[in-house]
Amino acid sequence: MSPGGLSDLATGQLAAEHEALMQFLYLAPVGLVQTGIDGEILMINPISAQLLMPLQRDGNLVNLFEALRDVAPELRHLCAMFTRSNGMICDGLHIHLNHTGYTGGGALRPRRSPQVLSLSLLKLDGERLMAVLSDVSEQVRRERQLRQNDAWLNALLTSITDYALVGLDREGRVSEWNDTIGRVTGHSDDVIGRPYSVFYPVDAITDEQVHDRLREADQNGWNLDEGARLRADGSQFWASAMISPLPDRDLDPEDSDGPAYCMVLRDISDKRDAIETRRKNAFCDHLTGVANRRAFFEAAELELQRNRRAPRPTALILIDADHFKCINDRHGHPGGDAVLRQLGLFLSATFRQVDVVARIGGEEFAVLLPSSTLEGAATVAERLRQLVAAQTVAFDGARIGLTVSAGVAASDGGSDFDLDTLMKRADQALYAAKANGRNRIECWTPALSQSQSLSDRIDRSPRPRDETR
Amino acid sequence: MNNITALSFSTPALLEQLAQLNADQLDQLDFGVIGFDADTNVCRYNRTESDAAGLTAPRVLGQPLFTNVAPCLNNFMVAQRFEDAEDGASALDDTVDYVLTLRMRPIKVALRLLAEPGSAVRYVLVQRRP
């Protein structure tokens with residue numbers, strides 16, 4: 001007789017079923033993880049390990065929150081904030097990966113690696129969480145395309161306060177005036193000959209981006225852009241602008257001033273709140289209000305794609321709050337959060353509208369500066385450093401001092417240009433800024449690359465990052 | 001023929017010695033052995049590995065390793081290295097620290113990856129880390 005009083009036959013059946021069930025879990029094409037309430041992994045299936053192992057610096061997989069720390073720093077916070085005894089903590093949260101951590105060795109190439117993971121977290125009780133992980137890179141790519149189509153339909157179907165029809169020449173200069181332009185923008189016919197960036201707020205578009213949109217209209221048949229626009233009197237309105245190439249523009253190559261594109265500029269101010277709320281939910285960091293990782297990597301990829309078509313300098317700054325762990329230890333997480341919120345405000349105040357400012361890690365921020373040189377970006381980074389160092393953050397009766405370190409990297413454009421390289425170089429410069437005493441800016445130089453990769457080979461240690469919480 | 005029990009996870013030039021062992025001898029090794037052929041189908045699977053994973057050999061033999069047996073190895077840290085070695089017609093003998101999900105528990109292991117040009121069978125060897 002077998003243990004538990006079962007017959008040998010029943011025991012054999014149970015064993016076979018157990019094995020089949022085991023294999024069912026081994027082969028399930030989604031990641032399943034059960035963890036303690038603090039993220040400690042209790043049970044895990046193979047797909048989870050396939051997705052998580054490439055993110056591990058030390059070859060261990062002990063805690064789910066720790067495993068995702070670099071790419072989803074908010075998880076611990078999300079769980080801590082979830083006060084109900086059970087229920088869905090997050091459902092299909094998108095986690096954007098980047099591969100700077102993978103570039104340490106020749107064989108460690110990011111091929112095959114996912115770009116975006118989806119994570120759902122279910123709180124079972126006060127002790128346990130269940131997590132579902134899957135690679136949704138391909139779905140995200142398709143969704144992005146669908147969103148563009150949605151925006152296009154939105155532009156057509158949305159209720160319109162008014163619209164202007166603007167003819168643009170080959171270079172994007174206003175080629176004709178009509179009274180719809182006067183009605184929507186307040187410009188008179190002296191706007192003729194000026195590039196369509198005249199309708200944008202200062203710093204909201206670069207000369208290169210003016211041409212990018214024309215090239216995209218050439219390639220796709222249209223280009224759509226939603227955002228703030230400027231009237232002649234300086235007041236702003238919310239607009240949707242669609243640029244389309246005119247069909248007959250190639251007939252007369254001599255007439256370079258004639259209209260080559262048509263721009264339909266619609267005032268959709270009354271829809272603005274709804275659009276902004278939707279945008280914020282999807283693309284903003286919940287704590288600081290700057291862009292989140294998803295928005296950053298989407299914007300950076302788009303800018304670099306454009307850069308490959310029409311090379312121009314592009315700069316990237318990685319910014320890290322110094323000794324952030326000490327601030328958390330001394331003032332608690334609410335104090336740390338207050339510091340991060342203030343840092344977000346400093347960042348938004350320092351950079352141009354066209355720059356993409358994002359929180360990409362616990363206390364790590366990134367800024368992509370289109371059409372900026374290394375020197376230009378370093379100057380702005382230095383201005384930020386001084387601004388942060390000169391102020392304190394009021395919290396709970398205390399004044400918290402803060403400094404930041406930053407690494408700057410740039411490319412003058414060209415075909416061999418990619419985001420991974422730029423991120424890696426800015427990271428190496430940031431490493432140098434930290435190693436050289438913090439509260440400073442370092443620009444990437446080829447020498448940094450060599451010294452850093454050397455130290456990589458010796459101890460494989462990550463840069464002296466101040467511990468996240 | 002060497003004494004089988006003398007073979008350990010870290011024995012040098014292990015691939016050719018494994019090739020000479022029959023199934024019973026393979027079962028006596030104290031580390032997990034998974035051998036797979038040119039189509040990545042599993043053709044050797046020893047008892048140590050079978051016990052650790054909770055799967056008997058018939059469920060595993062003949063199945064494609066990286067999709068139906070051990071999808072957790074299907075990334076650039078393991079599968080990619082075998083592909084790279086194949087593409088470059090070069091030998092592979094690397095040991096990497098890894099975490100396997102054996103019976104749904106995360107288990108720290110060392111993996112030794114063995115391949116040689118012209119060799120019919122490639123191997124993933126598994127040893128638990130403390």
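**Helices, loops and a chain contact in a predicted model**

Visitor: Is Ile268(A) buried or exposed?

Guide: In this predicted model, local features need pLDDT of at least 70 and side-chain atom pairs count only at pLDDT 80 or more, while totals for chains, interfaces and linings use all residues. Residues are numbered from 1 along each chain as its sequence is written, and chains are lettered from A and ligands numbered from 1 in the order in which they are written. A residue is buried if 20 or more other C-beta atoms, placed from the backbone, lie within 10 Å of its own, exposed if 12 or fewer, and partly exposed in between. Ile268(A) has 21 C-beta neighbours inside 10 Å, so Ile268(A) counts as buried.

Visitor: By what distance are the C-alpha atoms of Ile268(A) and Ser240(A) separated, and what is that distance?

Guide: Ile268(A) lies in the loop between β9 (261-267) and α8 (272-283) of chain A; helices (H or I, at least four residues) and strands (E, at least two) are DSSP runs, numbered from the N terminus. Ser240(A) is 28 residues apart from Ile268(A) along the chain, and their C-alpha atoms are separated by 6.7 Å.

Visitor: Is Arg57(A) buried or exposed?

Guide: Arg57(A) sits in the loop between α2 (46-52) and α3 (64-67) of chain A. Arg57(A) has 12 other C-beta atoms within 10 Å, so Arg57(A) is exposed.

Visitor: How many Å apart are the end C-alpha atoms of helix α9 (residues 293-309) of chain A?

Guide: The expected span of a helix is 1.5 Å times one less than its number of residues. For the 17 residues of α9(A) this should give 24 Å, which agrees with the distance between the end C-alpha atoms, 24 Å.

Visitor: Which elements do the buried residues of α9(A) pack against?

Guide: The buried residues of α9(A) include Phe296(A), Phe297(A) and Glu303(A). They pack against β3 (87-96), α7 (207-220), β10 (314-321), β11 (356-359), β12 (364-370) and α12 (419-435) of chain A.

Visitor: How many of the 17 residues of α12(A) are buried?

Guide: α12(A) is followed by Gly437(A), whose phi is positive, near 115°. The helix α12(A) is largely enclosed by the rest of the structure, because the number of its 17 residues that are buried is 14.

Visitor: Which element gives the most to the side of chain B that touches chain A?

Guide: Here 25 residues of chain B are in contact (C-beta atoms, placed from the backbone, within 7 Å) with 26 residues of chain A. At least two residues each come from α6 (79-87), β3 (92-102) and β4 (105-115) of chain B. The element that gives the most, with five residues, is β3(B).

Technical notes:
Contact = placed C-beta atoms within 7 Å.
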